[in-house]
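Dear colleague,

I am passing on the structure below, followed by an account of what was computed from it. Please read the notes alongside the coordinates.

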Amino acid sequence: LCIVVGGNYRRKFDVNRFSYAMFFWKHFFRLYPIHLLIFAIFALWNWHGGICYDWMQFVTQLLLIQSWIPSTHTLYIYNSVSWFLCDIIFFYAVFPIVYRWVMNVRIRAFACGFIVFVVAYCMVAMKVPDEIVNCTLYANPLLRLVDFIMGIMAYRVWKTHSGQLGNLFSRANMLAVNVVLLLLVYCCYVNLGVGVRCSAPFWFISPIIILSLVNSERSGDVQDRLFGSGLMQWFGGISFEIYMMHLLV
């Protein structure tokens, strides 16, 4: 997402032609109609099954503000995966500010600050009871903003060092490297505490995988042929709809 959004709007930022209102509402109306449709289906399904929710659960889900409330009472109600839409709408709202900051911050200062943040996060996350991790850490828009920031940083690295990355990645079978990285994340995931594993391991691994995928585009290597195939492109085109409807199915 960050690679695509950053690449699409970089030139408008460079010439001061970026329209915040047009950007936000364009992306908002790509997300909200499908949310509204599936929300209505869930509401009718639950009503038919005799399941009732209170007004606060109904309103927070309808307006996509559930992730801001640190309560299990409102987070996973109706189509529970819609918490992600709450977060991503927030990311779109702050994108211009975050983008300008990430594209101009000193890399060394960013790296030092990020390491300090991760250490502090892990120390706090280990103290959070497992039963409230989802509503306080996992779905929290402010904490998941770190994912978005790391994505924009990946775009910055790709934009400014694409030649060096190409040379680096061309020396290795990146498909095999990515598989190893994912296995490493899995091993960390099953052995870390719930609060730590819900986000932290992915902050380090995901940008590397994203950069390798972007670099391999149109290269003709195994990774490019696999993910550039018609079938995978088709699945990619409907992946958002699959994500939104998989619980209903």
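Two helices, α11 (222-227) and α12 (230-237), each supply at least two residues of the nonpolar patch, where helices are DSSP runs of H or I with at least four residues, numbered from the N terminus. The largest share, four residues, comes from α12. The patch lies on the surface and is formed by Leu213, Leu226, Phe227, Leu231, Met232, Trp234, Phe235 and Ile242, which together have about 740 Å² of accessible area (Shrake-Rupley method, 1.4 Å probe, with only the protein chains shown counting as cover for residues). Such a patch takes residues with over 30% relative accessible area and no salt bridge, its nonpolar side chains (Val, Leu, Ile, Met, Phe, Trp, Tyr) being joined within 5 Å; a salt bridge is a side-chain nitrogen of Lys or Arg within 4 Å of a carboxyl oxygen of Asp or Glu.

This is a predicted model, in which local features need pLDDT of at least 70 and side-chain atom pairs count only at pLDDT 80 or more, while totals for chains, interfaces and linings use all residues. Residues are numbered from 1 along each chain as its sequence is written, and side-chain values use heavy atoms, leaving out hydrogens and water.

Leucine 213 belongs to helix α10 (residues 200-216) and is partly exposed, at a relative accessible area of 34% (between the limits for buried, under 20%, and exposed, over 50%, with a 1.4 Å probe and protein chains only).

As for the whole protein chain, its secondary structure comes to 13 helices and zero strands, and 40% of its 249 residues count as buried. The chain exposes about 14600 Å², of which carbon and sulfur atoms supply 68%.

Best regards

Definitions and conventions
Patch = residues over 30% accessible without salt bridge, like charges linked within 9 Å, V, L, I, M, F, W, Y side chains within 5 Å.
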